[in-house]
Amino acid sequence: MISVAIDGPAGAGKSTISKQLAKKLGFIYVDTGALYRAIGLKFLRGGFDTKLECDILAELENVKIDIKFIDGEQRVFLNGEDVSTLIRTPDASMMASAVSAKPPVRAFLLEMQRKLARENNVIMDGRDIGTVVLPDATVKIFLTASVETRANRRFLELKERGSAATFEEVLDDMKVRDYNDSNRAIAPLKPAEDSVIVDTSDLDFNQSVDTLYNIIKEKM
């Protein structure tokens, strides 16, 4: 099977670009961040403290995550509930960043992600796909952009969904998440040594898709 690993910080455009690339290539798109967001949502709903590892392990026993592809789109189900929209709030994003640093959570999701890649041609995006989850991926890309560009993209996305968050709040949250993702002890955000680094700060959506498509086709 062919696997494409696309890593990068929040707001770099990984999800939207990966979805379009998957359609063009006829691959399955796997948004791994959505899996961590689902766990984050579960912890948020319970007012759960993520500091104690023994508590995390106990809580994970009550978590069942399923991925279903409906009309070509990935939908995420948490204990039978479709939470694909609910996991996109700023609070869920921050909790996802917190729980993704916890070894029990990462171990809980690792085999699920690898199984998808073993059984399908995939484009998988996240923070550590090329470095940890799929170290032997056919193609590895590290997608990035300036923090201001990324925050503006996320702000516009949230605004379309009716969120009252301000640009300044989104920018501050993104800076915190960048720091947490890059400085965590387990699988920190960084490019794989053999990844192609693509900065989309000055590229529009179609230009970004074309750039990555050409890289993937050349590597394949």
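## Helix α8 and its neighbours

The buried residues of helix α8 pack against α2, α4 (90-99) and α7 (147-160). Here, buried means under 20% relative accessible area, exposed means over 50%, and partly exposed lies in between, with a 1.4 Å probe and protein chains only. Packing rests on contact, that is, heavy atoms within 4.5 Å. This is a predicted model, in which local features need pLDDT of at least 70 and side-chain atom pairs count only at pLDDT 80 or more, while totals for chains, interfaces and linings use all residues. Residues are numbered from 1 along each chain as its sequence is written, and side-chain values use heavy atoms, with hydrogens and water left out.

Helix α8 covers residues 167-183, has 17 residues and reaches 24 Å from its first C-alpha to its last, close to the 24 Å expected at 1.5 Å a residue. The expected span is 1.5 Å times one less than the number of residues. Helices (H or I, at least four residues) and strands (E, at least two) are DSSP runs, numbered from the N terminus. Which residues of α8 are buried? They are Val170, Leu171, Met174, Arg177, Asp178 and Asp181. Seen down the axis of α8, these buried residues fall within an arc of 130°, so they line one face of the helix. The arc is that of the directions from the helix axis to the C-beta atoms. The face turned away from the buried side carries the exposed residues Glu168 and Tyr179.

Lys175 also has its place in helix α8. With 43% relative accessibility, Lys175 counts as partly exposed. Lys175 and Lys68 are 107 residues apart in sequence, and their C-alpha atoms are 32 Å apart in space.

## The sheet of β3, β4 and β5

Three strands form an open sheet in the order β3-β4-β5, with antiparallel pairing. Two strands pair if DSSP finds at least two bridges between them. The edge strands are β3 (65-70) and β5 (81-82), each of which pairs on one side only. Helix α2 (residues 32-45) packs on this sheet and touches β3, β4 and β5; the direction of α2 makes about 30° with that of β4. For such angles, axes are lines fitted to C-alpha atoms, for helices over the stretch in contact, and the angles run from 0 to 180 degrees between N-to-C directions.

Strand β4 (residues 73-78) is joined to β5 in the antiparallel sense over 2 bridges. Within this part of the model, Phe77 stands opposite Asp82 in β5. The loop between β4 and β5 holds Asn79. Asn79 has a positive phi of about 50°, although it is not a glycine. At 40% relative accessibility, Asn79 counts as partly exposed.

How many residues of β6 are buried? Strand β6 is mostly covered, as 5 of its 5 residues are buried. Val122, Met124 and Gly126 lie on one side and Ile123 and Asp125 on the other, so that both faces of β6 are covered. In a regular strand the side chains alternate between the two faces of the sheet.

Strand β1 (residues 3-7) runs parallel to β6 and is joined to it by 5 bridges. Ala5 stands opposite Met124 in β6. Strand β2 (residues 28-31) also pairs with β6 in the parallel sense, over 4 bridges, and Asp31 stands opposite Asp125.

## The nonpolar cores

A nonpolar core is a set of buried Ala, Val, Leu, Ile, Met, Phe, Trp, Tyr and Cys residues joined through side-chain atoms within 4.5 Å. The largest such core has 31 residues, and those with the most contacts inside it are Ile39, Ile65, Val105, Met124 and Leu134. Elements that each supply at least two residues of this core include α3 (53-60), α5 (103-119), β6 (122-126) and α6 (129-133). The largest share, 7 residues, comes from α2.

Leaving aside neighbours within four places in sequence, Val105 is in contact with Tyr36, Ile39, Ile56, Leu60 and Val99. A second, separate core of 18 residues includes Ile6, Ala22, Val139 and Val198.

## Helix α9

Helix α9 (residues 205-219) has 15 residues and reaches 21 Å from its first C-alpha to its last, close to the 21 Å expected at 1.5 Å a residue. Its buried residues are Ser208, Val209, Leu212, Ile215 and Ile216. Seen down the axis of α9, they fall within an arc of 130° and therefore line one face of the helix. These residues pack against β1, α1 (14-25), β7 (139-144) and β8 (196-199). The exposed residues Asn206 and Glu218 are carried by the face of α9 turned away from its buried side.
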